[in-house]
Amino acid sequence: MPEFSRTRRASRVSLRRRMLSAAVAAAGLVAAMLVPVVATDAAWNDPEWVNGAIGTLDCSVTEGLTSQGTGRVLSGSLVGESLDPVAGLSGIVVANDGATSSAQPAGSTPLGADAYVSPIALQALGGLISADLGLTLPLDAGVGSYAQYGQALPDGASTGAAGAVTDQGTIDLDAVQAGTAPSMGTFQLSQLPGIGPALGGIADLTLGVGAVASSTTVDGCEERWSGPAAAVQRDYLVSGLDLGFESPAGAALSATADTAVGTLLTGVNTTVSAAETALGNAVVAGLGPLLTGLINNALLSLGTVTIDSVDIAVDATPLQALLDAPLTDGVVSVDLTAGTVTVDLATLVGEVHESSDGLNGLAPNTSVLSSEVLTALVDRVGLLLRNPATQTGLLYDLERAAAKMVLDASVSIEVSAIIRAQLAIVTVNAVDVGVTIDGTVGGLLGEDGYAAPDIDVTAEALNTGILGALLAPVNALVAIILSSLEGLIVENLLPTLAGVLQNSLVAPATGLIGTMTTTLFGAVTTALGALDGELDLISQLVSVTVNSQPDQPPQPAPPYPVADGEYAVSALRIGVVDGTTAGAASVLNVFLASSTAGPNAF
């Protein structure tokens, strides 16, 4: 223990001894008249007042007092079997008999000042349990080692620590903040015996645990004078905690969304076919009069107007990508394709408890999977799917993407026309006219953000060798077509085509989009209710507690047997029951990063 702590203890106790001496002196006279013997802890004894044995409580002494500190990374039980007997998991126990300190296991490394450490490799945890108990701990352990620390001083003070802690028995915040402290690992809870059937359709239930640590210090003298509240200091750390599972509700919503979008696309494709036919008819009906109006010679006339191709291409890739992309707000993530939900419980619990430190700094025995936390989780998922207040979320994104898909659809029209010339006894093809219109539905409709369609006009004189006197009028007509037809198309034909697209494609597609949206809104409401039920089931089977302290309400079980006057804290406790109808049997009850200090005797 640092020297300034001893000096402060001596000064504090000296003052209290003086105060107690005065009180006892005042009471001694009365006591002497009533009883023959008085025992006191006063800093003095006086045979004039008493003739019995007198004891003193002198906190300035630096030796002769017993103390104990322990640290253990992993403890508890697996499938009802205690982990206490497992060799290698017993942690460290440091005791002082008032003169010398000792540590178990015997191979613990002495650090000086009656402190010892016994590190343990995280990846060795499962092997130790398997070797001794023949059981499998469903933990994908992190890479690295944790410390198990104890210090027991002869002045009645002790410290225990475990996890990401320093050689001074304090939580290694520097390593945690730098990201160099190893994570505990991921518990594959669905792999526990009996838990699968109890979870129903919920699968791949996992709990990823970041770095964990705890430290407990007891000042035995302070405890004697003031009680545990002033004498016991317990600290813990859980740097991260992630819940993950495959949700039947998510899978059902994904299936409904796939079907709804598929139905929309089928309907749009059918509408596109009808729109292509309507566009072709409109082009033939509109282009003929425009060409006829340009012919100014009685021997020239419009022959045929032929649609070479009309193609409306809808690209559903962006719409489909929305269904495939995970949804996240940085705390909750939903992958509809995989049907999975993952939650950053550290952040979510911190928000619920209005703590900027996430899971840290919370009251003893705080439940992580509380109803408040689970409600906040469902609310966040709901906002990811649809937020009416801000018109955001997957459903609004799908609605907008579907509408944009229609406007983004490319439109390509190719049409040709023949102008004929009447010679003396025969009629011949005199001019070959070609028109192409390339753009988008949005461009043809004149929507903001869309470019106007490109129009290309070609005209070529035919049979020039036999036209004779008509050659000059034909060449003149070619020049007129090349200079005037595009403007006439823009002014007269494109508005007609816009109306055709609006009525034959956009309006029907809008109705299909509305049907999709209505279907999905109903499906989301159903899914959120189902998700709420799934989380309720998980909370019945899985219990997660931070800052577990067995002497604080509701007095949970200790991480391992503790004696009277021994104070404990575990950074994290994870409990899982199998939910059988015959009784909820424990299949996992583990404490992570546990430390104790005491009992310290005078």
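In this predicted model, Asp84 and Arg72 form a salt bridge. Their closest N and O atoms are 2.8 Å apart. Asp84 lies in the loop between β2 (81-82) and β3 (92-96), and Arg72 in strand β1 (residues 67-78), so the pair ties together parts that are twelve residues apart in sequence. Arg72 has a relative accessibility of 10% and counts as buried, because buried means under 20%. Asp84 reaches 28% and counts as partly exposed.

Side chains of opposite charge can pair when their charged atoms come close. By the rule applied here, the model holds six salt bridges.

Another of these pairs is Arg234 with Asp551. The N to O distance is 2.7 Å. Arg234 belongs to strand β14 (residues 232-238). Asp551 sits in the loop between β24 (542-548) and β25 (567-577). The pair therefore ties together parts that are 317 residues apart in sequence. Arg234 is buried, with a relative accessible area of 18%. Asp551, at 33% relative accessibility, is partly exposed.

A further salt bridge lies within one helix. Asp408 pairs with Lys404, and their closest N and O atoms are 2.6 Å apart. Both residues belong to helix α11 (residues 394-408). They are four residues apart, which means a separation of about one helical turn. Asp408 is partly exposed, with a relative accessible area of 33%. Lys404 is also partly exposed, at 47%.

Salt bridges can also share partners. Asp329, Glu351 and Arg380 are joined in this way into one network.

The largest cavity has a volume of about 80 Å³. Among the lining residues are Ala249, Gly250 and Leu253. Val381 and Leu385 also line the cavity, as do Ala527, Leu528 and Leu531.

Note on methods:
Residues are numbered from 1 along each chain as its sequence is written. This is a predicted model: local features need pLDDT of at least 70, side-chain atom pairs count only at pLDDT 80 or more; totals for chains, interfaces and linings use all residues. Side-chain values use heavy atoms; hydrogens and water are left out. On a 1 Å grid over the protein atoms alone, a cavity is a set of points where a 1.4 Å probe fits but cannot get out, and a pocket is an open set with protein on both sides within 12 Å along at least five of seven lines; lining residues have an atom within 4 Å of a point. Grid points are joined across faces, edges and corners, and a volume is the space filled by probe spheres set on the points. A salt bridge is a side-chain nitrogen of Lys or Arg within 4 Å of a carboxyl oxygen of Asp or Glu. Helices (H or I, at least four residues) and strands (E, at least two) are DSSP runs, numbered from the N terminus. Buried means under 20% relative accessible area, exposed over 50%, partly exposed in between (1.4 Å probe, protein chains only).
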